[in-house]
Amino acid sequence: MAEINNFIKTIMQNDLDSGKVDEIITRFPPEPNAYLHIGHARAIITNFELAKAFNGKTNLRFDDTNPAKEDKEFVEGIIEDLAWLGYKPANIFYGSDYFEATYEKAIDLIKRGLAYVDDLSQEEISKYRGTLNEPGKNSPYRDRSVEENLKLFEEMKEGKYGDGEKTLRAKIDMASPNINMRDPVMYRILHINHHRQGTKWCIFPMYDFAHPLQDSFEGITHSLCSLEYDNHRVLYDWVVDNCGIEKKPHQYEFGRLNITNTIMSKRYLRALVDAGKVSGYDDPRMPTLCGLRRRGFTPDAIRNFILGTGLSRVNSTVESDQLDEELRNDLRLKALRPNAVINPVKVIIDNYPEGKVEWLDAPNNPENEEAGMRKISFSREVYIERDDFIEEKPNKKWKRLALGVEVRLMKAYFITANSVEKDENGNITVIHATYDPETKSGEFDGRKPNGNIHYVDSATAIPAEFRLFEPLMLDETEENKDLDFMERLNPDSMHVFEGFVEGSLKDTKPLDHFQFIRNGYYCTDKDSKEDKLVFNRTCGLKSSFKL
Ligand code: ATP
Ligand code: MG
Ligand code: MG
């Protein structure tokens with residue numbers, strides 16, 4: 001597996017060498033307001049792999065200080081996704097567990113004249129804050145005495161005021177060129193039920209105050225986040241410097257990961273689920289980790305994909321095909337290669353005895369001897385892919401079945417197609433063929449067939465549904481680039497086929513991975529029933545990437 005190597009690793013190495021830190025402690029801090037997506041995998045893998053590279057450790061910390069949208073379901077989903085990716089946090093913490101300690105730090109700031117209670121409304125605060133070109137204006141409440149601030153803040157905590165009536169603001173600099181430093185709000189009032197704290201608290205710390213404190217409480221040395229926090233770093237440092245913290249954590253930013261033809265923001269993913277455009281967060285078309293898992297992507301493929309895309313201080317957009325390529329690399333030798341016919345047509349071998357079933361040897365993975373052998377059945381009626389037959393052979397390049405043409409059914413016999421039956425619409429319902437008993441696979445090399453096609457024997461076939469996927473979002477074009485994302489959804493992102501798989505798959509369980517011969521990589525879906533299996537196509541056999 002690829003090793004992590006990036007600019008943050010260099011920073012960490014330097015910090016260890018210079019004695020600035022004596023170990024590396026990182027954290028992954030998701031807000032439990034949705035399921036994780038593959039963009040989060042960049043943050044997870046970066047934090048865990050970097051700490052691991054220095055024998056350090058990584059905490060999972062739920063950033064649950066914004067109670068409005070948080071839910072236990074998401075907490076559990078995130079823990080499951082992390083474990084699936086193969087990472088075990090040193091600790092699992094909750095930002096809300098630090099409410100008391102954070103509150104004390106706020107009192108401390110007030111006592112030192114570094115924070116004040118403001119009566120301005122949210123709108124007034126933004127107006128007073130000014131713009132990039134225009135300095136902000138002091139709030140008329142900015143110069144309240146320490147005693148008054150302590151009393152009011154206490155009352156805020158006691159629930160004396162309604163939502164938004166008062167805030168606690170840091171007293172920094174209303175003329176700072178960095179708007180985040182213009183007396184940022186540190187606490188707001190919200191009378192709401194918190195998923196862990198219940199109604200114990202009605203004041204909640206803002207991210208910019210809570211996060212650096214949480215990092216310092218946990219002894220985080222390198223606090224890694226995505227680029228949009230870049231101009232919050234000065235405030236991060238202000239909090240750390242002014243809250244009496246000895247071992248100071250430092251924030252470092254990296255570029256966000258985006259993937260073509262999908263959307264990655266939790267807000268949009270939630271909107272898709274709520275609007276019923278997908279079956280849930282784990283719909284195999286979703287870029288969520290649970291969706292990718294259900295689709296058939298593996299932790300190794302995701303990790304190698306993330307490490308392969310590198311890390312820099314620039315946001316990047318990567319072709320989704322690169323993830324497919326990592327999946328193929330991971331599974332090429334590992335996955336079994338059974339036969340599945342996705343769009344079947346029946347072949348009756350008229351000269352094969354009725355009722356007879358033969359068992360033939362087939363390798364589980366022709367590229368990997370260690371995968372062993374299995375028996376596949378052969379009888380008078382088999383299914384082949386509709387695409388593998390054409391009535392009249394069009395040209396020399398046609399290496400499949402046609403009337404009067406002989407092909408090998410893989411690991412079985414040569415057959416020649418002789419005639420077809422059709423329904424009233426002209427669709428072929430049955431192909432009549434004859435086989436040559438001399439041509440059993442492994443025992444015959446007397447002549448060459450016009451190709452090798454796979455089949456599923458009807459005597460042991462299991463009905464199966466195959467779900468094939470296209471990107472969730474249409475390509476961005478001149479015409480659609482200004483459309484709302486809901487209008488850029490691909491209306492045709494899932495195709496369902498009804499076919500058969502060979503009998504050896506009868507005990508398959510959700511998340512089993514296969515390469516269906518000549519068809520692609522597939523994964524058993526949780527919707528599978530004993531008499532009707534369901535498979536998701538993870539990706540094709542070859543790259544479709546075009547420059
Ligand atoms: P979104 O913006 O998609 O709603 P978020 O950034 O608000 O996600 P958090 O739960 O706060 O989601 O994310 C936890 C961590 O994952 C943060 O450190 C964040 O920077 C990082 N992260 C989220 N999305 C990406 C991405 N696309 N690429 C890299 N890191 C990401
Ligand atoms: Mg966030
Ligand atoms: Mg966000």
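Is R27 buried or exposed, counting C-beta neighbours inside 10 Å? R27 counts as buried, because 26 C-beta neighbours fall inside 10 Å. A word on that term. A residue is buried with 20 or more other C-beta atoms within 10 Å of its own, exposed with 12 or fewer, and partly exposed in between; the C-beta atoms are placed from the backbone.

Some ground rules before we go on. This is a predicted model: local features need pLDDT of at least 70, side-chain atom pairs count only at pLDDT 80 or more, and totals for chains, interfaces and linings use all residues. Residues are numbered from 1 along each chain as its sequence is written, while chains are lettered from A and ligands numbered from 1 in the order in which they are written.

Back to R27. R27 sits in strand β1, residues 25-28. Strands here are DSSP runs of E, at least two residues, and helices are runs of H or I, at least four residues; both are numbered from the N terminus. What does R27 touch, leaving out residues up to four places away in sequence? The list is N47, T58, N59, R61, D215, E218 and I220. Contact here means C-beta atoms, placed from the backbone, within 7 Å. Take R61 from that list. R27 and R61 are 34 residues apart in sequence, but 6.6 Å apart in space, C-alpha to C-alpha.

Just after α7 comes G219, with a positive phi of about 70°.

Now the sheet that holds β1. Its order is β1-β2-β3, it is open, and the pairing is parallel. β1 and β3 (92-94) are the edges; each has a single partner strand, so one side of each is left without a neighbour in the sheet. From one strand to the next, the twist averages 35°. That angle uses axes, lines fitted to C-alpha atoms (for helices, over the stretch in contact), and angles run from 0 to 180 degrees between N-to-C directions. Pairing takes at least two DSSP bridges between two strands. β2 and β3 have three bridges, in the parallel sense. L60 stands opposite I92 in β3.

Two loop residues deserve a look. N55 lies between α2 and β2 (57-62). Its phi is near 55°, a positive value in a residue other than glycine. N55 counts as exposed, because it has 8 C-beta neighbours inside 10 Å. D183 is in the loop between β5 (167-170) and β6 (185-189). D183 also has a positive phi, near 45°, and is not glycine. D183 is buried, because 23 other C-beta atoms lie within 10 Å.

On to ligand 1. How many residues surround ligand 1? There are 15, and the closest are G39, A43, S226, R256 and K266. To be near, a residue needs its C-beta atom, placed from the backbone, within 6 Å of the molecule or strand. α2 (38-53), β8 (222-226) and α9 (266-274) each supply at least two shell residues. α2 gives the most, with four. By type, the shell holds six nonpolar, four polar and five charged residues. Ala, Val, Leu, Ile, Met, Phe, Trp, Tyr, Cys and Pro count as nonpolar; Asp, Glu, Lys and Arg as charged; the others, Gly among them, as polar.

Next, the domains. The assignment gives domain 1 (258-331) and domain 2 (343-459). Such bounds come from an automatic or database domain assignment. Taken over C-alpha atoms, the two centres are 38 Å apart.

Last, the seven-stranded sheet. It is open, with mixed pairing, in the order β22-β19-β20-β21-β13-β16-β23. The edge strands, β22 (452-453) and β23 (456-457), each pair on one side only. Follow β20 through it. β19 (406-409) and β20 (414-422) run antiparallel, joined by three bridges. E406 has T416 as its bridge partner in β20, and R408 has F414. These two strands form a hairpin with four residues between them, and K411 in the turn has a positive phi of about 65°. β20 then joins β21 (428-436), also antiparallel, over eight bridges. There, E421 stands opposite V430. That pair is a hairpin too, with five residues between the strands and G426 in the turn at a positive phi of about 85°.

How values were computed
Contact = placed C-beta atoms within 7 Å.
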